[in-house]
Amino acid sequence: MPEKESQRVKAYFAENQVNLMTEASVSKVTFDSVEIKGQEPLQTYSLIWTAGVKATSDVVDLAGEFGKAGRLKTFGTMSAQNMEKIYVVGDLVHYEDASGTALPQNTQTAEQTALTAAENIAAELRPELKSTLHKNNQKGTIVSVGATYGVGYLMDLVHIKGPIAVTMKHLVNLMTWGQMKSLSNLSKYLKQEIAASKQDRYVS
């Protein structure tokens, strides 16, 4: 996300009395404290750890090349490096664009890498088809910060925040469930994410 979105989230946290500590490394967790490198321990009996996305450990024994967070390095065709006839999609992909930036681990990447892999598998099976190189086409990202606030950056152009961002995220999610023709999940989403109050938001 651009720096503008980061600053908006930082300001929102400050307004809601949330202490945000950046570049702080947790070195140890005990029964009643969290120790942070170079700082006094925080006394607490509660810790919620959300430390990012790591690839499944099921792939650690494969012969491929590994990138950040245990992801498999691929060529532009989504074929795995150092392994024949193996294609990689979604959160397992470590593929860098021309600027050296790795693909983000999100739904857009999962859908787009799956399409690239499918096209190249078909090209392997049918000589009349040509292999294709992956084109990263991120349409934007919206991040929820609680139930009523969010930030987003769309089409490398438009910055959005607050209820507008939350509403747009709901619309995208509802459209996705609709495309999947999953009425049960669509109903659950409407109930839990939109109709429910903050207090019973995740009570089914």
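Biologist: What is the strand order of the open sheet of 3 strands?
Modeller: In this predicted model, the open sheet has 3 strands with antiparallel pairing. E6 and strand E8 (158–161) are its edge strands, as each pairs on one side only. Neighbouring strands are turned by 5° against each other on average, direction ignored. The order is E6-E7-E8.

Biologist: Which residue in E7 stands opposite isoleucine 142?
Modeller: E6 pairs with strand E7 (residues 150–154) in the antiparallel sense, over 5 bridges. Opposite isoleucine 142, E7 places glycine 152.

Biologist: At about what angle to E8 does H3 run?
Modeller: Two helices lie across strands of this sheet. Helix H1 (residues 3–15) lies across E7 and E8 and runs at about 10° to E8. H3 lies across E6, E7 and E8, and its angle to E8 is about 100°.

Biologist: Which element gives the largest share of the lining of the largest pocket?
Modeller: The largest pocket holds about 730 Å³ of space. It is lined by 19 residues, and the closest to its centre are Thr107, Gln108, Gly140, Val172 and Thr176. Helix H2 (107–125), strand E6 (140–144) and helix H3 (163–179) each supply at least two residues of the lining. The largest share, 8 residues, comes from H3.

Biologist: How many residues of the lining of the largest pocket are polar?
Modeller: By class, the lining of the largest pocket has 7 nonpolar and 3 charged residues. Its polar residues number 9.

How values were computed:
Residues are numbered from 1 along each chain as its sequence is written. This is a predicted model: local features need pLDDT of at least 70, side-chain atom pairs count only at pLDDT 80 or more; totals for chains, interfaces and linings use all residues. Side-chain values use heavy atoms; hydrogens and water are left out. On a 1 Å grid over the protein atoms alone, a cavity is a set of points where a 1.4 Å probe fits but cannot get out, and a pocket is an open set with protein on both sides within 12 Å along at least five of seven lines; lining residues have an atom within 4 Å of a point. Grid points are joined across faces, edges and corners, and a volume is the space filled by probe spheres set on the points. Helices (H or I, at least four residues) and strands (E, at least two) are DSSP runs, numbered from the N terminus. Ala, Val, Leu, Ile, Met, Phe, Trp, Tyr, Cys and Pro count as nonpolar, Asp, Glu, Lys and Arg as charged, and the others, Gly among them, as polar. Two strands pair if DSSP finds at least two bridges between them. Axes are lines fitted to C-alpha atoms, for helices over the stretch in contact, and angles run from 0 to 180 degrees between N-to-C directions. Contact means heavy atoms within 4.5 Å.
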